[in-house]
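Take a look at the sequence and the structure below.

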Amino acid sequence: MKRKLKTSVIVLSISLASMVFVFGGCTKYASEEDLQALEAQKQAADAAEQEIARLELEKANLEQQIRVKEQELQKWQDMLKKVGGEK
Amino acid sequence: MKSKYLFITLMVVIAVSLLGTASLFAQEKMKYEDYLIALQVEKDREEAAQVKIAALQSEIDALRARLAELDKQILQTQADFWRALDSSPEGYARFIDALNQLRAQIQGLLNLESGELYKRGDEVARVEMRFEQLAGQKVAKHPDAVPIVNDIRNLLNRLKNALANAKPPFEVYTVVNGDYLWRIARKPEVYNDPFQWIRIYTKNRDMITNPDLIFPGQDFKIFHDVLENEHLVVRGEFLSKIAGYPHVYNDPFMWTRLYELNEDVIMDKDLIYPHMILFIR
């Protein structure tokens with residue numbers, strides 16, 4: 001009886017210990033500093049993409065301004081031609 | 001002995017439970033391999049974005065340079081344009097104002113009745129001269145001014161036609177044998193009022209030196225309106241009263257001026273008659 005009990009305890013302990021290793025494992029995880037570094041990198045990438053959006057808007061505005069100015073220049077050149085002042 | 005084994009079993013179970021719980025928490029942390037992958041992805045994203053930013057910045061610089069060049073060309077073309085017109089934006093604005101004033105004046109004249117227009121023939125001539133002066137300026141070639149000038153030219157032509165067709169505000173009466181001023185004024189086609197003989201006399205003073213002496217064949221102008229530089233005397237008026245009128249001199253003491261202008265028809269400065277036409281200017 002004693003022997004049986006001792007065997008049972010040993011088997012149970014080994015089983016439970018094995019289960020701990022199965023669930024826990026020897027896996028390595030990222031530290032808090034790593035995660036903060038990852039977050040900072042994400043923010044930097046987001047900021048760069050926002051800057052792209054801003055620059056594309058600025059580019060579109062400049063292109064529109066150029067179109068307007070080209071029309072204005074054409075208008076003045078046509079008027080100059082009409083009054084015979086063409087160079 | 002039994003209790004010893006039971007105690008050991010219990011401790012093992014508790015230890016296992018704690019470890020099991022800890023391992024469950026550990027599963028919510030990021031695995032290091034995953035962290036490395038995610039970090040590289042974000043780095044690649046940022047790098048690609050920086051490349052795009054550099055390209056965009058370069059394009060924007062080129063666009064700004066183009067814009068500056070266009071501004072310069074516009075300013076130069078504008079300067080050439082105004083030089084060709086011998087004017088400036090301010091000068092052009094003044095020119096347009098002058099044209100608009102002239103147009104308003106012409107339209108005013110066109111709205112006059114025939115007899116009134118006839119009297120203002122001199123004004124029409126001045127308007128025409130002013131138009132020629134304005135239309136002859138280089139700035140009249142401004143593309144926006146051309147239709148305005150043409151419109152005014154058309155109005156002026158209409159005005160000149162209207163003036164050519166305008167009837168004078170007087171009729172002409174030719175003296176016949178036996179006529180005298182009282183008799184002429186009495187005629188229905190003249191004034192139908194013999195007392196207005198003096199109106200015929202004062203209005204035709206350049207032809208009638210003596211109202212008692214007229215000759216057949218003389219042409220007298222018979223006016224029914226009073227011109228701007230004239231005053232038709234009515235009963236109760238005298239020279240200082242007339243001089244005091246606002247539309248005359250607004251000063252009764254200026255009666256002497258009134259007298260000077262009409263000395264040829266006023267024998268006695270204290271005596272004027274109804275129906276006399278006096279020059280006030």
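**Briefing on a predicted model**

Chain B averages a pLDDT of 91, and 95% of the residues score at least 70. Here pLDDT is the predictor's confidence in each residue, from 0 to 100. The model scores ipTM 0.72 and pTM 0.57. This is a predicted model: local features need pLDDT of at least 70, side-chain atom pairs count only at pLDDT 80 or more, and totals for chains, interfaces and linings use all residues. Residues are numbered from 1 along each chain as its sequence is written, while chains are lettered from A and ligands numbered from 1 in the order in which they are written.

**Helix pair in chain B**

- Helix α3 (residues 89-110) of chain B packs against helix α5 (residues 121-135) of chain B at about 155°, with the axes 11 Å apart.
- Helices are DSSP runs (H or I, at least four residues), numbered from the N terminus.
- Axes are lines fitted to C-alpha atoms over the stretch in contact, and angles run from 0 to 180 degrees between N-to-C directions.
- α3(B) and α5(B) are therefore roughly antiparallel (an angle over 145 degrees).
- Residues of α3(B), including B:Leu99 and B:Ile106, meet residues of α5(B), including B:Val127 and B:Phe131.
- Contact means C-beta atoms, placed from the backbone, within 7 Å.

**Contact between chains**

- Chain B gives 49 residues to the contact and chain A gives 47.
- On the side of chain B that touches chain A, α2(B) gives the most, with 31 residues.

Methods
Helices (H or I, at least four residues) and strands (E, at least two) are DSSP runs, numbered from the N terminus. Angles under 35 degrees count as roughly parallel, over 145 as roughly antiparallel, 65 to 115 as roughly perpendicular and the rest as oblique. Two residues are in contact if their C-beta atoms, placed from the backbone, lie within 7 Å.
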